[in-house]
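Here is a short report on a protein structure. Keep the sequence and the 3D view at hand while reading.

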Amino acid sequence: MTLLLEHLDLLMLAMSLLMLLFGYPAAFTLGGVALVFAGIGFFSGAAPTMGAIPIRLFGIISNETLIAVPLFIVMGIVLKKARIAEDLLTALGWLFRKVPGGLSVSVTVVGALLAASTGIVGATVVTMGLISLPSLLKAGVSPRLATGSIAAAGTLGQIIPPSIVLVFLADQLSNAYQTSQREMGNFAPDPFSIADLFAAAFLPGLLLVGVYVIYQIAVSLRTDTGGRDRSTGCGAMTAIDVWFAMGPPLALILCVLGAILGGVATPTEAASLGVAGALVLAGNRQLPGRRWLLLVPLSGAFILVLTQFGEALWDGSGSVFTFAVSAIGALAVAGGLFANIIVLFRNGILQNVLKSAVEFTAMVFAIMIGATIFSLVFRDLGGDETVSVLLQDLPGGTLGAVLIVMAVMFALGFFLDFLEIVFVVVPLVAPILLQLPMPDGSPMSPAWLGVMMAVNLQTSFLTPPFGFALFYLRGAAPKEVATADIYLGAAPFVGLQLLVLICLWFFPDIATWLPRYLFS
Amino acid sequence: MMKQIPIVVTQVNRFAASIASTCLFFLFVTQFCVVLLRYVFDTGFVWMQELPLYFHGAAVLLAIAYTLHTGGHIRVDIFYRSADRKRKARIDAAGSLFFLLPVSVTIFWYSLPYVIASWAVMEGSAQPAGIPAVFVLKTLLPVFSLLLAFQGIAQFWRACAVLSGEHEADLAAPGSEDEDLA
């Protein structure tokens with residue numbers, strides 16, 4: 001009995017995992033189990049400091065960097081409800097029609113591009129499955145390659161910025177980094193920002209897309225579908241249609257990402273621009289006959305960018321002329337945006353988007369609230385020291401500690417979503433891991449650790465038979481597709497993921513070079 | 001009469017969620033204006049930069065209770081998804097009673113003195129020209145936990161109704177399950 005009371009923290013961890021399996025919403029299960037153990041702790045002599053709860057919760061809602069999250073959610077849902085993903089898929093299928101396996105390649109690319117709308121693996125895989133699986137099968141792609149591509153593409157969005165899980169991961173890692181540096185005696189560490197993690201995840205994300213595409217082309221070449229692998233619905237498309245379908249969303253996503261990585265705008269600012277762009281695209285798509293809905297705000301934005309460049313180049317800031325031009329540009333942007341919002345409001349799309357977005361936001365932040373209570377109680381029960389002792393006593397130094405953490409996260413990924421793992425596990429292990437040296441001897445970089453965690457979790461979601469993504473794909477796929485095909489289809493992608501993880505281990509520069517190059 | 005309670009609670013929360021979604025929209029509008037002013041005209045107002053934070057707080061917190069009703073909170077549904085109605089109702093009843101209610105009551109209990117202290121001094125922004133209403137933002141905490149607690153009671157009530165076979169009230173709102181969130 002006393003042994004149990006001494007290890008209340010570990011008991012709480014095990015108990016909450018068990019309770020989560022019952023299926024009550026994870027946010028409240030985490031918080032509820034923690035409160036039960038806080039009660040037990042109170043009667044057995046520990047002193048849980050519940051008074052910190054309101055301070056921490058207020059910290060969540062008044063954290064300015066997290067404002068980016070609801071904005072990215074709105075942006076993703078606007079793109080989704082406006083059926084931009086379908087358009088993109090058809091257009092890319094046409095563009096890659098000469099490439100072997102072109103349609104599966106376009107699934108990968110769409111999955112990568114629509115990262116912003118990705119928070120939860122299940123929903124993305126279901127959407128991608130419903131949109132693309134029928135056309136893939138109709139085009140003669142083997143069920144294995146088709147389902148594997150969709151499952152992989154659905155999880156890919158998590159690691160490619162600007163995904164909201166990366167925003168949360170960066171937020172948690174930033175706190176952990178401050179703690180670890182303080183403990184190592186560095187009282188003024190460089191802050192670790194969302195932009196740092198976005199930059200770090202960019203190249204590994206591209207690497208993943210690259211190996212997927214190579215694999216898809218190789219398999220299609222080998223099986224040689226004899227030119228049948230091509231979307232049937234896009235025969236009548238012209239090049240102009242394709243560019244009109246593909247150009248604007250592509251430009252939007254690149255602008256948002258470019259603004260963040262280029263250090264021009266904070267993620268929150270870039271996200272609000274992303275929402276504006278998505279609203280314009282969606283409104284314009286509702287009334288395709290009226291191109292001015294797209295052209296007016298677009299040209300306004302163009303004028304604004306030009307005047308800003310002009311001011312920077314010729315140092316003409318403050319002149320009446322540039323002010324007047326800027327004012328005209330701003331009016332065009334605001335007016336065009338307003339017109340598109342009116343269009344979306346009349347069609348009821350705006351209300352629909354906001355309803356979905358607010359529920360999604362509520363779900364995400366509820367998990368954060370539940371997990372915050374969980375971590376508070378866990379720390380008060382001595383969990384931090386337990387985990388720290390466990391990790392530091394491992395044989396094999398950094399390799400052992402990182403491997404164990406990765407293995408635990410991998411296993412947790414079978415039944416927890418990315419967000420729960422980020423909120424519960426990262427604050428526990430990251431402050432300790434970040435004090436260890438990297439494989440090449442330099443101090444561990446939070447950017448590298450974050451990317452390793454993200455790719456690792458993504459692999460876990462893909463791994464048969466428990467992977468989340470496969471589970472949801474089974475639900476969305478027609479009955480003709482055998483479950484065995486889904487499992488066998490995902491297996492090669494798991495192999496590719498592991499390959500990238502190994503590359504990251506031996507060449508940490510893949511993750512750490514870009515943030516270093518951009519921000520220091 | 002008593003049967004009306006879950007319906008009334010859900011109506012109140014539906015209203016709160018509509019406030020939240022309006023706030024979400026204004027979060028975007030104000031943030032966009034801040035960006036436009038800052039990058040194009042190189043000006044900005046502290047109060048205007050703080051405005052998105054207030055909309056953010058409301059958008060994040062006020063819809064949590066209603067999302068419980070629509071079934072939008074994610075579950076670990078390895079076993080839950082294949083369970084039958086009665087088993088689902090049992091899990092929901094127990095979860096509402098033992099997990100959700102303690103959580104919301106705890107948040108309410110501990111945030112109340114925190115908020116009262118803030119009201120007592122009419123706590124304002126840390127910035128000189130900021131919005132002098134941080135106490136309003138803090139008030140969202142007890143409001144949200146109260147809404148959540150009542151919705152938890154309503155969910156418990158409904159689950160019990162399913163268990164006793166009284167009437168075939170569904171746990172989730174109709175139409176919310178097939179509408180996949182992004």
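This is a predicted model. Start with helix α6 of chain A, residues 84-95. This helix has twelve residues. From first C-alpha to last, α6(A) reaches 16 Å, close to the 16 Å expected at 1.5 Å a residue. Its buried residues are Ile84(A), Ala85(A), Leu88(A), Leu89(A), Ala91(A), Leu92(A), Gly93(A) and Trp94(A).

Next comes a contact across chains. Helix α5 of chain A (residues 68-81) packs against helix α1 of chain B (residues 4-41). Their axes lie 10 Å apart, at an angle of about 105°. α5(A) is therefore roughly perpendicular to α1(B), since angles of 65 to 115 degrees count as such. On the α5(A) side, the contact uses Pro70(A), Leu71(A) and Val74(A). They meet Leu24(B), Leu27(B), Phe28(B) and Gln31(B) in α1(B). Six residues of this contact are nonpolar, one is polar and none is charged.

Now chain B as a whole. It has five helices and zero strands. Along the sequence, the pattern reads α-α-α-α-α. The table gives its overall values.

| Property of chain B | Value |
|---|---|
| C-alpha trace along principal axes | about 65 × 40 × 30 Å |
| Buried share of the 182 residues | 52% |

How much of the contacts in chain B with a separation of 6 or more do residues 24 or more positions apart account for? Such residues account for 75% of those contacts.

Definitions and conventions. Residues numbered from 1 in each chain as written. Chains lettered and ligands numbered in written order. Predicted model: local features only at pLDDT ≥ 70, side-chain atom pairs only at ≥ 80, totals over all residues. Heavy atoms only, no water. Helix = DSSP H or I, 4+ residues; strand = E, 2+ residues; numbered from the N terminus. Expected span 1.5 Å × (residues − 1). Buried < 20%, exposed > 50% of the residue type's maximum accessible area, 1.4 Å probe, protein only. Axes fitted to C-alpha atoms, helices over the stretch in contact; angles between N-to-C directions. Parallel < 35°, antiparallel > 145°, perpendicular 65-115°, else oblique. Contact = heavy atoms within 4.5 Å. Nonpolar A, V, L, I, M, F, W, Y, C, P; charged D, E, K, R; others polar.
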